[in-house]
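Hello,

Here is the structure I promised to pass on. Please take a look, then read my notes below.

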Amino acid sequence: MVGPKPTRVTNRIRDLRTQLSLTQADLAAALGVTRQTVIAIEQGRYSPSLEMAFQIAHTLGVPLDAVFSYRGDDTN
């Protein structure tokens, strides 16, 4: 089968963001990206760079692994 692989990186950005009463626009402004970028990351359609992933975690006040997780080949 040929085509793009779905990302195996999942995130809890929306849950963590809403716990802090941050809007997508608030988070986008803090990160210096567009709201559309935040939406795409939250929905798993876009994986952020490692640097941005750390910035997201820092902005949300949690460790990186509290925001992002990776599903390896051994999970279906």
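From the N terminus on, the protein chain runs β-α-α-α-α-α-β. That comes to 5 helices and 2 strands. Keep in mind that this is a predicted model.

Some totals for the chain. It has 76 residues, and 26% of them count as buried. The chain exposes about 5,400 Å². Carbon and sulfur atoms supply 54% of that area. Among contacts with a separation of 6 or more, 57% join residues 24 or more positions apart.

Next, a helix pair. Two packed helices are described by the angle between their axes and the distance between the axes. Helix α2 covers residues 24-31, and helix α3 covers residues 35-42. They pack at an angle of about 105°, with their axes 8 Å apart. Angles of 65 to 115 degrees count as roughly perpendicular, so α2 and α3 are roughly perpendicular to each other.

Which residues meet there? On the α2 side they are Gln24, Ala25, Leu27 and Ala28. On the α3 side they are Arg35, Val38, Ile39 and Glu42. By class, this contact has 5 nonpolar, 1 polar and 2 charged residues.

Last, glutamate 42, which is found in helix α3. Is glutamate 42 buried or exposed? Its relative accessibility is 16%. The cut-off for buried is under 20%, so glutamate 42 counts as buried. What is glutamate 42 in contact with, leaving aside neighbours within four places in sequence? The contacts are Asn11, Ile13, Arg14, Arg17 and Gln24. Gln24 is also one of the α2 residues that meet α3.

Best wishes

Notes
Residues numbered from 1 in each chain as written. Predicted model: local features only at pLDDT ≥ 70, side-chain atom pairs only at ≥ 80, totals over all residues. Heavy atoms only, no water. Helix = DSSP H or I, 4+ residues; strand = E, 2+ residues; numbered from the N terminus. Buried < 20%, exposed > 50% of the residue type's maximum accessible area, 1.4 Å probe, protein only. Contact = heavy atoms within 4.5 Å. Areas by Shrake-Rupley, 256 points an atom, 1.4 Å probe, with all protein chains shown as cover. Axes fitted to C-alpha atoms, helices over the stretch in contact; angles between N-to-C directions. Parallel < 35°, antiparallel > 145°, perpendicular 65-115°, else oblique. Nonpolar A, V, L, I, M, F, W, Y, C, P; charged D, E, K, R; others polar.
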